[in-house]
Amino acid sequence: MQYTYKLKGVCASQVSFEMEEDGTIKDVQFTGGCNGNLKAVGKLTQGMDARKVADILAGNTCGHKQTSCADQLARAIRAALTEKQSNLQEDSVS
């Protein structure tokens, strides 16, 4: 499933990614930000487990900021995992 999130407190304005049914991350793409570094983040996370990516990247900072694009990706992945879990629970009740 495709997810897109607006980012806060960083140079990039949004991130989009796919998360497979098994929780694998694919096709991470940032809008704005440090183009080369963020392409590298996308390549490094390709095919990785979403929870592992979020655990690794969470809390990473950029300069004087209390967050970073990588930290924002971790937050977006955790939100997507929560959304996915919510949808699964709704489907099982229906």
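View 1. The model is predicted: local features need pLDDT of at least 70, side-chain atom pairs count only at pLDDT 80 or more, and totals for chains, interfaces and linings use all residues. Residues are numbered from 1 along each chain as its sequence is written, and side-chain values use heavy atoms, with hydrogens and water left out. Strands (E, at least two residues) are DSSP runs, numbered from the N terminus. Five bridges join β2 to β3, and the two run antiparallel. Two strands pair if DSSP finds at least two bridges between them.

**View 2. The hairpin of β2 and β3.** Five residues lie between these two strands. In the turn, G23 has a positive phi of about 90°.

**View 3. Strand β1 beside strand β2.** β1 (residues 2-6) and β2 (residues 14-19) run antiparallel and are joined by five bridges. Q2 stands opposite E18 in β2, and T4 stands opposite S16 in β2.

**View 4. The open sheet of three strands.** The order is β1-β2-β3, with antiparallel pairing. β1 and β3 are the edge strands, each pairing on one side only. Strands of a sheet pair through backbone hydrogen bonds.

**View 5. D27 in strand β3.** D27 lies in β3 (residues 25-31). Although D27 is not a glycine, its phi is positive, about 50°. Most residues other than glycine have a negative phi.

Methods:
Helix = DSSP H or I, 4+ residues; strand = E, 2+ residues; numbered from the N terminus.
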